[in-house]
Amino acid sequence: MPTKRTTYFLLAIFAGLVIGLAFGWFVKPAAVRRVAPQHLRQDYQTDYVLMVAETYASEGNAASAVERLHFLGDEPVNVYVRQAMLTAGQTGYSQQDVETMNALSMALQSWIPQPDEDIP
Amino acid sequence: MNENRNNWFLLTGILIGLVLGVLYSLVVNPVTYVDASPASLGPADQDEYRLMVALAYRADRDLGRAQARMRLFDDENPAYTLGAQAQRTLADGGDADLARALAQLAADYNNPLPIAVVAATETPGITPTPPEAQMLQETATPQVTATPLVTFTPRATLRSLPTLAAPFDLRQREIVCDPAIPEGLLQIEAVDGNGDPLAGVQVQVTWSDGEDLFYTGLYPRVSPGYADFQMEPDIVYSLRVGEAGETVTGLYTSPCEDGEGNSYWGGWLLRFGQQ
């Protein structure tokens, strides 16, 4: 049977544990917020893809578009574009926006990196 | 005394628990963020996202949408943030074209072009998520769920766009003797054909053994068409505004005197208008 001293010792450990967990899960993360782009909410990722598509529509530079889409992570870039088009369809983006993203998707499917282009 | 010494085991227990708790919560099972907003990104990623906002604005000229996107960052002064990023880009030897896009949005942010009108149609935009609504998923605690927020932002359409390619003429050139401004300051203002300040105009300053390239619009609080350059005494500078504009020569720090007879270096004010 544990003595009173042992019981208090275990309670002290438990109290320290609770304080340590609270620090690590609630205090420290609030102070240091560094989230990678792949953890952006899906609608923000969709908007980012739309921005890339709008820029591509203006510049016509597929290599730059590929490089910019890699901001979202290491998946093949068309995965991000397809997912964005899906989200855009579900959340009421205009037909024009969807078409802009679709044009980017088509361009990426036929895009072949040139030797003088930076391949992301 | 003996009783105090006997209570040290409580402090030892708390310390052991504290170390175990911190190790578990920061190393073994740390908090992971999901469904974050752009404001939660690291500084470099925020810059990348902001640059994309500026490039998209240059492509679609939709200021309402660009402003909605910039509000995602919780910046106190988005125009200032954009201008500062443009300056950092140039200072780091980055792409001047990208800096120009950032400067253009910085300039237009608080001074929308009069040619932009709000169309009757509405398109989806993104609204900033309040910090308390940002979802923080912790693997050891229940997750808060939220649905994506999509609201409708008025979309601006464009009747015509100003061109930055048309050459600029020197409209005004005067020595500035004002002790309230930095000594030897070369101030440049660029306006379009209607007399409205024009941002994103390239300014090239050259001297005997060097040159500098920058753009108007980096100080939107002064004017979207404003830029300045710090001259050094005993150096003669030349300046050209735009890519095919007139070159102004013979710019140097001029001696001035204040009301008490103290001498200081004056600067220049140059105003350029687009043809």
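**Reading phi and salt bridges**

Mentor: Let's start at Arg61(B), which sits in the loop between α3 and α4 (63–70) of chain B; helices (H or I, at least four residues) and strands (E, at least two) are DSSP runs, numbered from the N terminus. Before going on, note that this is a predicted model, in which local features need pLDDT of at least 70 and side-chain atom pairs count only at pLDDT 80 or more, while totals for chains, interfaces and linings use all residues. Residues are numbered from 1 along each chain as its sequence is written, chains are lettered from A and ligands numbered from 1 in the order in which they are written, and side-chain values use heavy atoms, with hydrogens and water left out.

Trainee: What is the phi of Arg61(B)?

Mentor: The general idea is that most residues other than glycine have a negative phi. Arg61(B) has a positive value, near 55 degrees. Asp234(B) also has a positive phi, near 65 degrees, and is found in the loop between β9 (226–230) and β10 (237–241) of chain B.

Trainee: Is Arg61(B) buried or exposed, and which label does Asp234(B) get?

Mentor: Buried means under 20% relative accessible area, exposed over 50%, and partly exposed in between (1.4 Å probe, protein chains only). Arg61(B), at 12%, is buried, whereas Asp234(B), at 77%, is exposed.

Trainee: Now the charged pairs. How many salt bridges are there over all chains?

Mentor: Side chains of opposite charge can pair when their charged atoms come close. A salt bridge here is a side-chain nitrogen of Lys or Arg within 4 Å of a carboxyl oxygen of Asp or Glu. The count over all chains is 13.

Trainee: Which residue does Arg88(B) pair with?

Mentor: Arg88(B) forms a salt bridge with Asp47(B), and their closest N and O atoms are 3.0 Å apart. This pair links distant parts of the chain, 41 residues apart: Arg88(B) is in helix α5 (residues 78–91) of chain B and Asp47(B) in helix α3 (residues 43–60) of chain B. Arg88(B) is partly exposed at 40%, and Asp47(B) is partly exposed at 22%.

Trainee: Why does the pair of Arg58(B) and Asp97(B) tie together parts that are 39 residues apart in sequence?

Mentor: Their side chains meet in a salt bridge (3.0 Å, N to O). Arg58(B) lies in helix α3 of chain B and Asp97(B) in helix α6 (residues 96–109) of chain B, so the pair ties those parts together.

Trainee: And which residues do salt bridges with shared partners join into one network?

Mentor: That network consists of Asp47(A), Glu54(A), Asp97(A), Arg65(B) and Arg69(B).
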